[in-house]
Amino acid sequence: MNTEFCYFCMQLPGFPVGGTPTLSLEEFDSRLDVVPDDDARYVVSCTFPLPPEAKYPRGSAAAQFQSFEESLRYEIACFRAAKAGQSIPPRPRHVTPNSAIQAQIESIAGLDPFKREKKLIEIRSIFLEKIAETKMLTREAAACYRFRLAMAWRENLYRNPAGRERFSETVDAIEDKFIDAPEVASKK
């Protein structure tokens, strides 16, 4: 066991799923000075949303989360397509079917967009917590914590009026584009 990460993880404040973090991303990152530089760079790279070009070590918590996120996004796209009467997009080879995700997406479909996004963050956080529980006091547990911290602070931006308005505008633009698609096809 890496003693630097053992010490690092033990110093992190509790952060239950759905809770408000007491640590900012900057504070978290500044604490990484006690771990080896390569490991610190890896943990800092664990941000949300995931950068499209991100490449993580095979089998790492970040790679597992990236795979989960791709499955989640695919299942959301399938749900939206089915709801709009469109054909289901082909499943990418690297994305595995996940019936548990399908059920969770169906269960939150009727919520308003802000509450739905909050539930998606909770689903992601629970997944990350499960990884962290199997890799306690390690670099991977720190990576999971940082992902969750990034999601929480991103969600926090949408809690103030300006952020909430921006969130609503983004959702409206996405839904308009998505909802208009079947009408365009039916006019042809």
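In what order do the elements of the protein run from the N terminus on?

**View 1. Order of the elements in the predicted model.** Starting at the N terminus, the elements run α-α-α-α-α-α-α-α. The protein has eight helices and zero strands.

**View 2. Extent of the C-alpha trace.** The trace of this predicted model spans about 65 × 40 × 25 Å along the principal axes of the protein.

View 3. Of the 188 residues in the protein, 38% are buried. Among contacts with a separation of 6 or more, 66% are made by residues 24 or more positions apart.

View 4. Rolling a probe the size of a water molecule over the atoms shows where empty space is left. For the second largest pocket, the volume is about 290 Å³. Its lining is made up of 13 residues. Two elements, α6 (113-134) and α7 (139-157), each give two or more residues to this lining.

**View 5. Residues at the centre of the second largest pocket.** Which lining residues lie nearest the centre of this pocket? They are C9, E129, A132, A141 and Y145. E129 and A132 fall within the span of α6 (113-134), and A141 and Y145 within that of α7 (139-157).

Key. Residues are numbered from 1 along each chain as its sequence is written. This is a predicted model: local features need pLDDT of at least 70, side-chain atom pairs count only at pLDDT 80 or more; totals for chains, interfaces and linings use all residues. Side-chain values use heavy atoms; hydrogens and water are left out. Helices (H or I, at least four residues) and strands (E, at least two) are DSSP runs, numbered from the N terminus. Buried means under 20% relative accessible area, exposed over 50%, partly exposed in between (1.4 Å probe, protein chains only). Contact means heavy atoms within 4.5 Å. On a 1 Å grid over the protein atoms alone, a cavity is a set of points where a 1.4 Å probe fits but cannot get out, and a pocket is an open set with protein on both sides within 12 Å along at least five of seven lines; lining residues have an atom within 4 Å of a point. Grid points are joined across faces, edges and corners, and a volume is the space filled by probe spheres set on the points.
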